[in-house]
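Me: Please take me through this model by question and answer, giving the cut-offs behind each term as it comes up.

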Amino acid sequence: MSQISRLKEKKKSISDCGVDSLSQLPAPQNPKIRLYNAEQLLSWEPVPPGNGTGPVVYHVQFKYTTSQWSDVNNNPEGVNCVKITTTECNFTKTNISKGFPMHFNVSLRVQAELEGRVSAWVTVPWFQHFRNVTIGPPENIWVTPGEGSLIIKLSPPFDIYDSTVAFQYYVHYWEKEKAGIQKVAGPFMTNSIVLSDLKPLTVYCLQVKAQLLWTMLNISRPGHLSSISCYETMADASTKLQQVILIAIGTFLLLSAMAGACLFLVLKYRGLVKYWFQSPPSIPVQIEEYLKDPAQPILDALDKDSSPTEDAWDSVSVVVFPEKE
């Protein structure tokens, strides 16, 4: 083949590549999978339509480790992500969607399409839900104060239907007045936790964290802490006894102080007290009747009734000494 023929073929090849590149759509950018608790959500940035008149549609495919690429079209995941206009594909398990098995290796890829033009496939790195999931805080946390204790009941961040996977819980707690001194209790494998040996009648603040354990592969995924909540413990038996004794002693001392104060006031102001509580002098009945009716001979009757023997006389002697000249 002559050099001129080779140059012509090379020019034609370059021209065909230019036409293909112009006819191809840009690929979706920044595809990412969100794995938060039970959520499985693939999202990407929208592709600009350019000079096209119709909407850009997207096509999502998936595959497991030993399978081929398949369309996400309701089988077997119960989700349709073929020729969709939204920029996300939600695989989260619902009543309709089964979602991807959480212990499977899953790969996803997405492609854009507009008026017969398609973009290149963009693949998301493979993931395993139990390996890559972000664990949120426990849900429905209920705290009941006890006698020198706190009783915590909670629900897991999401439901697990795998015998090789379980949640364990940790409780971070501290006295409200001593925020810098924090203690951690756990791990607890049940949804009911009791923090015992706490100070009675003391306010404690706490946060709870869940941690996922995948025993089959010895994988642990720590979760996020719950929001801070504070509770006051109740008095235990010894504290209640101390309170009763203190109340009794306080009542006795108060009554003693009041009695002493009353006695002091009575002694200090006894004349005034006697004056307040002394009954006023009363007039004899005969005198009172005389004052009402002076014409009655009441005074003569009194003189006749009086006996001379009843009178008491004192004898007084006067001795006079003459002055010396």
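Me: How many bridges join strand 11 to strand 14?
Reply: Helices (H or I, at least four residues) and strands (E, at least two) are DSSP runs, numbered from the N terminus, and two strands pair if DSSP finds at least two bridges between them. Strand 11 covers residues 149-155 and runs antiparallel to strand 14, and in this pairing Lys153 stands opposite Ser192 of strand 14. The bridges that join strand 11 to strand 14 number four.

Me: Before we go on, what kind of model is this, and what are its limits?
Reply: This is a predicted model, in which local features need pLDDT of at least 70 and side-chain atom pairs count only at pLDDT 80 or more, while totals for chains, interfaces and linings use all residues. Residues are numbered from 1 along each chain as its sequence is written, and side-chain values use heavy atoms, with hydrogens and water left out.

Me: Which residue is the bridge partner of Ile33 in strand 2?
Reply: Another open sheet of three strands has the order 1-2-6, again with antiparallel pairing, and its edge strands are strand 1 (29-36) and strand 6 (88-90). Strand 1 and strand 2 (residues 39-45) run antiparallel and are joined by six bridges. In strand 2, the partner of Ile33 is Leu42.

Me: Is Glu175 buried or exposed?
Reply: Buried means under 20% relative accessible area, exposed over 50%, and partly exposed in between (1.4 Å probe, protein chains only). Glu175 lies in strand 12 (residues 165-175), and contact means heavy atoms within 4.5 Å; leaving aside neighbours within four places in sequence, Glu175 is in contact with Lys199, Thr202, Val203 and Tyr204. Because its relative accessibility is 15%, Glu175 counts as buried.

Me: Why does Phe252 count as exposed?
Reply: Phe252 is found in helix 3 (residues 237-268), and together with Ile245, Ile249 and Leu253 it forms a nonpolar patch on the surface with about 410 Å² of accessible area. Accessible areas come from the Shrake-Rupley method with a 1.4 Å probe, and for residues only the protein chains shown count as cover. Phe252 counts as exposed because its relative accessibility is 55%.

Me: What distance separates the C-alpha atoms of Trp121 and His59?
Reply: Trp121 lies in the loop between strand 8 (117-118) and strand 9 (122-127), and is partly exposed, with a relative accessible area of 29%. Leaving aside neighbours within four places in sequence, its contacts are His59, Gln61, Arg109, Val110 and Gln111. Trp121 and His59 are 62 residues apart along the chain, and their C-alpha atoms are separated by 9.2 Å.

Note on methods
Patches are made of residues with over 30% relative accessible area and no salt bridge: like charges are joined within 9 Å, nonpolar side chains (Val, Leu, Ile, Met, Phe, Trp, Tyr) within 5 Å. A salt bridge is a side-chain nitrogen of Lys or Arg within 4 Å of a carboxyl oxygen of Asp or Glu.
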